[in-house]
Amino acid sequence: MNQSPFSNALQTTELSGARSLVESLKREGVEYIFGVNGGAAMPIFDALYGETDIKLIPMRHEQGCSHAADGYARATGKVGVALATSGPGATNLVTGIATAYMDSIPMVAITGQVFTHYIGSDAFQECDVIGVTRPICKHSYLIKSSDEVADVVAEAFHIARTGKPGPVVIDIAKDAQMKEAPYHYPASVDIRSYKPQVHGDPGQIAKAAELIKQAKRPMLYAGGGVVLADASAELRELTLKTGIPITVTLMGLGAFPETHPLAMEMPGMHGSCCANYAFTDSDLVVAIGARFDDRVTGDLGKFAPNAKKIHIDIDASCIGKNVLIDVPIVGDAKSVLTELNKQVGRADIDAWRAQIQEWKQKYPFEYEQKGDKVMPQYVIEQIYEHYSDAIVVADVGQHQMWAAQYFKFTEPRQWLNSGGLGTMGFSLPAAIGAQLGCPDKTVVNINGDGSYIMTIQELVPAITLKLPLKIFIINNMYLGMVRQWQELFHGKRYSAVDYHDNPDFAMLAQAFGATGLRVEHVEDVRPALQKAKGIDDGPVVIDFIVAEEENVFPMVPAGAGLGDVIRGLS
């Protein structure tokens with residue numbers, strides 16, 4: 001590094017690069033590192049041997065490391081840390097890095113690299129980690145000298161957690177891990193080219209307040225950025241102060257309590273009819289920390305056609321990317337909402353609120369009990385009844401949508417899932433990270449049979465650590481969401497989605513050393529969940545055998561407008 005952006009460096013003794021790394025991570029308050037050892041990272045793992053301030057969690061696959069670090073970060077708001085070796089170790093982290101990048105999760109992924117003089121020679125287990133990860137991380141570093149380590153770590157954590165959060169990659173050559181250099185850790189970080197805009201423009205905030213006062217059919221549209229900014233309190237103040245109905249995206253669930261009368265529940269492809277109809281009829285959409293994702297908007301030509309749009313986001317590049325915005329406000333959601341709340345009052349929209357309540361009552365999430373089959377929606381309802389205060393970590397697929405629909409989230413960071421990338425296999429390792437980060441909370445993993453088996457090996461560290469995870473598999477013996485699309489749009493040609501050949505997950509859990517239960521009858525759902533509540537010395541896996549061809553409704557077909565929703569039963 002030619003010119004250090006760091007000031008007030010603290011000088012101490014000489015340390016190896018690996019020891020310098022560990023000491024720097026301690027300075028950043030790191031509690032856990034999720035890692036898989038390997039040749040190019042051995043000096044780092046050696047430096048962690050016997051370390052008491054940081055606990056090394058040996059996962060069983062590097063993808064599990066990055067997902068566990070991600071889950072820890074989502075649950076706590078702190079920076080998660082993953083560690084792997086070079087080559088395949090590093091590339092196995094990639095899916096988890098991309099998952100964190102798409103959802104703006106603060107994470108530092110550390111990889112060992114071959115000796116500096118071997119870089120570029122196609123050495124054993126060499127890989128251009130910087131080139132591979134550049135499109136899916138916020139920033140990346142290749143460390144070739146041990147005297148760079150402390151400065152890079154300080155900068156990496158600063159970038160990961162500030163502005164729009166995201167993953168940062170640190171690739172460290174093996175000789176840089178081994179050689180000694182004077183250790184210093186900067187007291188502050190000042191990067192000239194990196195100055196996230198925190199405070200919104202006062203003029204734009206005033207314009208937004210005026211539009212809110214004038215609107216007759218306004219709605220609030222909040223996303224995961226509210227959770228990331230710890231702005232849930234400010235969002236609730238805005239909603240309650242104005243009385244404006246609110247919809248919260250899949251990534252933002254819990255930012256506003258779904259049990260409140262003003263909550264319209266989740267919008268979009270599998271969202272509530274109420275929220276989708278509100279977008280279609282509204283005259284003002286106030287978007288806060290949301291990115292107008294295609295799964296929310298549907299056909300952009302039909303999205304909120306009569307509404308002016310206010311967009312509050314820390315990332316200027318997000319504003320106007322998908323939807324034309326009338327009042328853009330670049331800034332941190334917490335800061336902007338604090339100022340906006342000073343300028344707004346109760347909205348005179350009684351007729352609009354009455355319309356929202358009518359839609360909510362007329363078009364609730366609903367399903368039909370089919371004979372004596374275990375309905376997946378019923379299972380989620382019962383999970384909610386038994387574990388309403390739990391942190392819920394969902395995987396990706398039909399079960400994810402049912403969980404979002406039927407579990408009523410009331411607090412931020414209560415709902416963790418891979419939203420942007422839609423990564424199957426995310427949830428089990430992420431639940432491990434969440435449980436370690438929040439040891440006093442119950443962590444429920446709602447999984448699917450297809451996604452669970454993708455990272456099932458991470459049951460091993462969960463058992464070793466005696467984590468009291470509640471792992472509930474919604475097992476329809478298909479890749480359910482893909483099968484649903486094949487049923488509706490591909491003439492029921494079920495290509496490569498039949499998972500009837502999966503093992504008995506309850507018996508497999510027992511073979512791993514966990515408690516395994518299998519539920520095939522409706523009357524056994526509640527007793528099994530109750531039994532799981534009493535098991536706290538390790539994970540419990542309940543394999544719920546549910547109706548095989550049940551579909552998720554409501555549903556907005558791809559390319560359709562939100563008003564074209566297929567309601568299902570009604």
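## A buried histidine

H386 counts as buried because its relative accessibility is 9%, buried meaning under 20% relative accessible area, exposed over 50% and partly exposed in between, with a 1.4 Å probe and protein chains only. The model is predicted, so that local features need pLDDT of at least 70 and side-chain atom pairs count only at pLDDT 80 or more, while totals for chains, interfaces and linings use all residues. Residues are numbered from 1 along each chain as its sequence is written, and side-chain values use heavy atoms, with hydrogens and water left out.

H386 belongs to helix α16 (residues 376–386), helices being DSSP runs of H or I with at least four residues, numbered from the N terminus. A polar atom of the H386 side chain lies 2.9 Å from the backbone oxygen of Q382. Leaving out residues up to four places away in sequence, H386 touches R526, L529, Q530 and K533, contact meaning heavy atoms within 4.5 Å.

## Nonpolar cores

The largest nonpolar core comprises 62 residues, and L235, I288, I310 and L340 have the most contacts inside it; such a core is a set of buried Ala, Val, Leu, Ile, Met, Phe, Trp, Tyr and Cys residues joined through side-chain atoms within 4.5 Å. Helix α12 (residues 273–281) supplies the largest share of this core, 6 residues.

Beyond its neighbours within four places in sequence, I310 is in contact with residues including A208, L211, V286 and I329. Another core, of 51 residues, lies apart from the largest one and has M59, I432, Y452 and I471 among its members.

Technical notes: Helix = DSSP H or I, 4+ residues; strand = E, 2+ residues; numbered from the N terminus. Polar contact = N/O pair within 3.5 Å; in protein donor to acceptor, adjacent residues only side chain to side chain.
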